[in-house]
Amino acid sequence: MTTMESKEWHIVAYAPEGIPTSDNLKLRSSTIPVDAGSIPDRHVALEMLFLSVEPFVRSRMTGREDGLYSPQLDLNQVVTSFGIGRVVESTDDKYAKGEIVTGPFLPVAEYCVVPSDFIIKKIEPNGDIPLPDYLSCLGVPGFAAWVGIEVLGEPKAGSNVFISAAAGGVGMYAGQLAKLRGCRVVGSTGSDEKVILVKEEFGYDEAFNYKKETDLDAALSKYFPDGIDMYLDNVGGKMLEAVLNHVNEGARISLCGMISEYNKVWTEREGVRNLLNMVGKGVRMEGFMVGSPSHLARLGDFAREMEGHLRQGRIRSKHKIYHGVESFLESLQSLFSSSNMGKVILQVKPS
């Protein structure tokens, strides 16, 4: 029997509040069989290359299903995320040794054996798109931005569009997609460095640091003198409440995430007191999960459009890559740091 020693991250205790720590997640070693005679039929043995680190992963560690209603990880289970791996062995004729594949529920580990139906796509390893882009622009963040802007928001040319967490994994693409539709785009970020980033790298017309411009109503009056036509919400709380004071007639709000609320129990989350504004202005606000069947049905449209934008240089990415599977906990914690910029990705083995 051919085996590989693999380091993998297990959840050992739920984290209903706060940021997960080493009390919640443990790095353990396991022996993984990687020869055809040892793995079940229609399975693949993978050497993991890259893993996506995103808030959805954290939402599966609370031990409760409120809010995002994310399916919770079982205690002592290996944490899973969207990832890219190289096929080491296969008992499914659709996959051959050496092929690069991607899937949404791959273990945070160096090696693994998973059912072949966990794989959703093969990737050309020597193609013109770098592998990390399949976890960012062409992955969950890009898809979330595309659904929020193109499917739900549908802003017209000349519309005033606001994106919160503009320098994050979703925000950086949402702003660029809105610009491609001819909109005026403003973003909020948590540092002056991020303000510069979204304006110079991602083409935002304006951006502000909400930690400096703490009067959010005044800030939105300043940057949206003609009101807000479309808002993609990544943070929730006080920012969402402030936006509702500045929406125009018929405005649309796409609720992508609420990172300010993820680490709190629901009784401690910020309430929104001015929902009545939605009635008077005829505002449509809609939450969404990219894994819902209606959105997954558009995955092919998304991939074609975003690959076209990427290849023609109309979309730019910024990645924060952590090296080594041992860095997973640090990379997860970084999502909630004001210094985080762009898409966080774990390169499983150091380069």
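This is a predicted model: local features need pLDDT of at least 70, side-chain atom pairs count only at pLDDT 80 or more; totals for chains, interfaces and linings use all residues.
Helix α5 spans residues 216-223, and its buried residues are Leu 216, Ala 219, Leu 220 and Tyr 223. Viewed down the helix axis, these buried residues fall within an arc of 95°, so they line one face of α5. Several elements contribute to the cover over this face. Strands β8 (160-163), β9 (184-189), β10 (206-209) and β11 (228-233) are included in what covers the buried residues of α5, as is helix α6 (237-243). The N-terminal end of α5 is capped by Asp 215, with a side-chain oxygen of this residue placed 3.3 Å from the backbone nitrogen of Asp 217.

A polar contact of 3.0 Å joins the side chain of His 246 to the side chain of Asp 217. When neighbours within four places in sequence are left aside, the residues in contact with His 246 are Asp 217, Leu 220, Ser 221, Gly 227 and Ile 228. Among these contacts is Leu 220, one of the buried residues of α5.

The packing of helices was examined next. Two packed helices are described by the angle between their axes and the distance between the axes. For helix α2 (residues 140-153) and helix α3 (residues 171-180), the angle is about 40° and the axes are 8 Å apart. The two helices α2 and α3 are therefore oblique to each other. The crossing in which α2 passes α3 is right-handed. On the α2 side, the contact is made by Pro 141, Gly 142, Ala 145, Trp 146, Ile 149 and Glu 150, while α3 contributes Tyr 173, Ala 174, Leu 177 and Ala 178.

Helix α2 also packs with helix α9. The axes of α2 and α9 come within 10 Å and cross at roughly 105°, which means that α2 is roughly perpendicular to α9. Here the residues of α2 in contact are Gly 142, Phe 143 and Trp 146, and those of α9 are Leu 299, Asp 301, Phe 302, Glu 305 and Met 306.

Arg 311 is placed in helix α9, which covers residues 299-311. With a relative accessibility of 47%, Arg 311 counts as partly exposed. Not counting residues up to four places away in sequence, Arg 311 touches Asp 128 and Ile 129. The side chains of Arg 311 and Asp 128 form a polar contact of 2.9 Å. Although Arg 311 and Ile 129 are 182 residues apart in sequence, their C-alpha atoms are 7.7 Å apart in space.

Ala 157 is found in the loop between α2 and β8. Its relative accessibility is 63%, and Ala 157 counts as exposed because the cut-off for that class is over 50%. Apart from neighbours within four places in sequence, Ala 157 is in contact with Arg 181 and Gly 182. Ala 157 and Leu 73 are separated by 84 residues in sequence and by 43 Å in space, C-alpha to C-alpha.

Methods:
Residues are numbered from 1 along each chain as its sequence is written. Side-chain values use heavy atoms; hydrogens and water are left out. Buried means under 20% relative accessible area, exposed over 50%, partly exposed in between (1.4 Å probe, protein chains only). Helices (H or I, at least four residues) and strands (E, at least two) are DSSP runs, numbered from the N terminus. The arc is that of the directions from the helix axis to the C-beta atoms. Contact means heavy atoms within 4.5 Å. A polar contact is a pair of N or O atoms within 3.5 Å; within protein, one must be able to donate a hydrogen and the other to accept it, and residues adjacent in sequence count only if both atoms are side-chain atoms. Axes are lines fitted to C-alpha atoms, for helices over the stretch in contact, and angles run from 0 to 180 degrees between N-to-C directions. Angles under 35 degrees count as roughly parallel, over 145 as roughly antiparallel, 65 to 115 as roughly perpendicular and the rest as oblique. A crossing is left-handed if the near helix is turned anticlockwise from the far one by less than a right angle, and right-handed if clockwise.
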